[in-house]
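User: I want to know what the terms used for this model rest on. Take me through them one by one.

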Amino acid sequence: MSSPEIASLSWGQMKVKGCSTTYKDCKVWPGGSRTWDWRETGTNHSPGVQPADLEEVVKKGVKTLVIGRGMSEALQVPPSTVDYLKKNGIDVLVLQTEKAVAEYNALAAQGVKVGGVFHSTC
């Protein structure tokens, strides 16, 4: 199963190829995607992305996880979150969201089992 391409990104809107939903923030993995609802884990810009935000994508068997920190990189990614991924044998890339989406799409096109969590505003 391949990771779906992110078809478009603009401020506050993301579209995943093959999915009719427009996301504000989203999670993607080989074979699927869904909205990333920060309320589920109590996520905020600071301290930022928590391991609980990533567990679902990690369980899909990804080898690489791309985290999009937002258009202005307001979303923090604490070292503990990066450590969590590394301990699970997952390569992690933390980038500004436009760069993160480009990197994710490039990896997906190469057939890498890549997942992502992307914040599409600040």
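Analyst: Start with "buried": a residue counts as buried when its relative accessible area is under 20%. By that cut-off, 47% of the 122 residues of the chain are buried. Keep in mind that the model is predicted.

User: What makes the radius of gyration agree with a compact globule?

Analyst: The comparison is with chain length. For 122 residues, a compact globule would have a radius near 14 Å. The chain has 13 Å, so the two agree. Along the principal axes, the C-alpha atoms fill a box of roughly 30 × 30 × 25 Å.

User: Which elements does the chain have, and in what order do they run?

Analyst: There are three helices and eight strands. From the N terminus, the order is β-β-β-β-β-α-β-α-β-α-β.

User: Why do strand 2 and strand 3 count as paired?

Analyst: Pairing needs at least two bridges between the strands. Strand 2 (residues 13–16) and strand 3 have two bridges, so they count as paired, in the antiparallel sense. Met14 has Tyr23 in strand 3 as its bridge partner.

User: What is the strand order in the open sheet?

Analyst: Three strands form it, in the order 1-2-3, with antiparallel pairing. Strand 1 (6–10) and strand 3 (22–23) are the edge strands, since each pairs on one side only.

User: How many contacts join residues at least 24 apart?

Analyst: A contact means heavy atoms within 4.5 Å. Among contacts between residues at least 6 apart in sequence, 68% join residues at least 24 apart.

User: How many side chains are positive, and how many negative?

Analyst: The chain has 14 positive and 12 negative ones. The centres of the two sets lie 3 Å apart.

Terms used. Residues are numbered from 1 along each chain as its sequence is written. This is a predicted model: local features need pLDDT of at least 70, side-chain atom pairs count only at pLDDT 80 or more; totals for chains, interfaces and linings use all residues. Side-chain values use heavy atoms; hydrogens and water are left out. Helices (H or I, at least four residues) and strands (E, at least two) are DSSP runs, numbered from the N terminus. The radius of gyration is taken over C-alpha atoms; the globule rule is 2.2 Å times the number of residues to the power 0.38. Buried means under 20% relative accessible area, exposed over 50%, partly exposed in between (1.4 Å probe, protein chains only). Lys and Arg count as positive and Asp and Glu as negative; His and the chain ends are not counted. The place of a charge is taken as NZ of Lys, CZ of Arg, CG of Asp or CD of Glu.
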